[in-house]
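User: I have a model open and want to talk through a few spots. Can you take my questions as they come?

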Amino acid sequence: MLVDSEPGIPASVLAAAAGARKAVLVPVVTALAIGTVFVAVYLAAFHAPSARHQPLGIAAPDKAAAHAELALNNAAPDGYIFYRYPDAKAARQAVTHDQIPAALVADGRGTRVLVAGAQGPSTVSSLTTAVTEAVGKPVPVEDVRPLAAGDSRGLSVFYAAFGVVLAGFLFAVSSYQIAPRLRLAARVTSMLVFSAASGVMVALIAHTAMNALPASFALVTVVVGLLAWASAAAAGLLLRLFGPLGMPVASVVLLILGNATSGGILPATFLPAWLSPLASVMPPAAAVRGLRGAAYFHDAHLTGAILTLVAWGLGCLTLQYVLDKVAQRRATTAAVAAGTAAGF
């Protein structure tokens, strides 16, 4: 039996509290389950990443190109997809527009690897190492799209996305805890205020203060705001669908699976086969692609990212609206039935 160990707690709150056994066991089981999933997913994704269908460009004579492709295929079967380019200029354009992350070039200037440092040190390092081993000697590396001065490790976009998804999750949890029966219109208004404020806040910090996201202030604000909106809407829908179980479900879906597949640490081509498909549909991955493309790659993937985030936000809110209408109709039917029974 629970007692009033903290004077001042209303009797109604104590009366509604769970029993001692449930109060002790449920938090342990819930936290342990979420922690286990987190550790399992992140270790599975990043403990020993290897390329799988990783795009790689080659601008070299046929004999040299074939030798490099054969060596890379022998080292990692199904690890790479090769794209041939007629010269270094075409390969450079493909790298700077995020069509490929790196390209092996062999011409009159010698053999070298063109890379986009903006892809992140982990991606660049893994590709240059693989190419060096395939060629059989050290190969000079030319960074044709370097990272911004304020983002030397290329992780700012990941941390920005992770923080916004976490904030969206906490917003939804707080909203439902404070007002579980709040009308959807009021909840959406609150959500839009939160999303707009999140976009401006992250843009001020990452873009203006730290020069870590060299896209325009407006684009950072829009993409981050849409990510906050999509995350809050998705978490709210899961809470609406699953009730008390919605919190751990949302934690797994958004905070664990969403951020692990965002591409902020390694691209989807380095994820396990069972995890990589999520990178094409989850809100964090869309935001990371959009922000990185806007910052470094001539707005590559920006339109698709915005459409994905808008679809998540509108889709989740539409489902919540339908659920509310169905619940309202059932309540009305039950009230009419109860009134009819009382009349008899």
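User: Where does F217 sit?

Analyst: F217 is in helix 8 (residues 217-242). Helices here are DSSP runs of H or I, at least four residues, and strands are E runs of at least two, numbered from the N terminus. This is a predicted model: local features need pLDDT of at least 70, side-chain atom pairs count only at pLDDT 80 or more, and totals for chains, interfaces and linings use all residues. Residues are numbered from 1 along each chain as its sequence is written, and side-chain values use heavy atoms, with hydrogens and water left out.

User: Is F217 buried or partly exposed?

Analyst: F217 is partly exposed, at 31% relative accessible area. Buried means under 20%, exposed over 50%, and partly exposed in between (1.4 Å probe, protein chains only).

User: Which residues make the nonpolar patch?

Analyst: V200, M201, L204, I205, M210 and F217 make a nonpolar surface patch of about 530 Å². Patch members have over 30% relative accessible area and no salt bridge; nonpolar side chains are joined within 5 Å, like charges within 9 Å. Helix 7 (residues 184-209) gives the largest share, 4 residues.

User: What about the shape of helix 7?

Analyst: Helix 7 bends by about 30 degrees at A203. That is the angle between axes fitted to the seven residues ending there and the seven starting there. A203 is also among the buried residues of helix 7, including M191, F194 and V202. Just after helix 7, N211 takes a positive phi of about 55 degrees.

User: Which residues have the most contacts in the largest nonpolar core?

Analyst: A91, M191, V220, L227 and L309, in a core of 65 residues. A core is a set of buried Ala, Val, Leu, Ile, Met, Phe, Trp, Tyr and Cys joined through side-chain atoms within 4.5 Å. Helix 8 gives the largest share of this core, 15 residues.

User: Switching to charges. How many salt bridges are there?

Analyst: The whole structure has 6. The cut-off is a Lys or Arg side-chain nitrogen within 4 Å of an Asp or Glu carboxyl oxygen.

User: What does R84 pair with?

Analyst: R84 meets D62 at 3.4 Å, N to O, and E69 at 2.8 Å, N to O. E69 lies in helix 3 and R84 in strand 2, so that pair ties together parts 15 residues apart in sequence.

User: Is E69 buried or exposed? And D62?

Analyst: E69 counts as buried, at 16% relative accessibility. D62 is exposed, at 58%.

Terms used
Accessible areas come from the Shrake-Rupley method with a 1.4 Å probe; for residues, only the protein chains shown count as cover.
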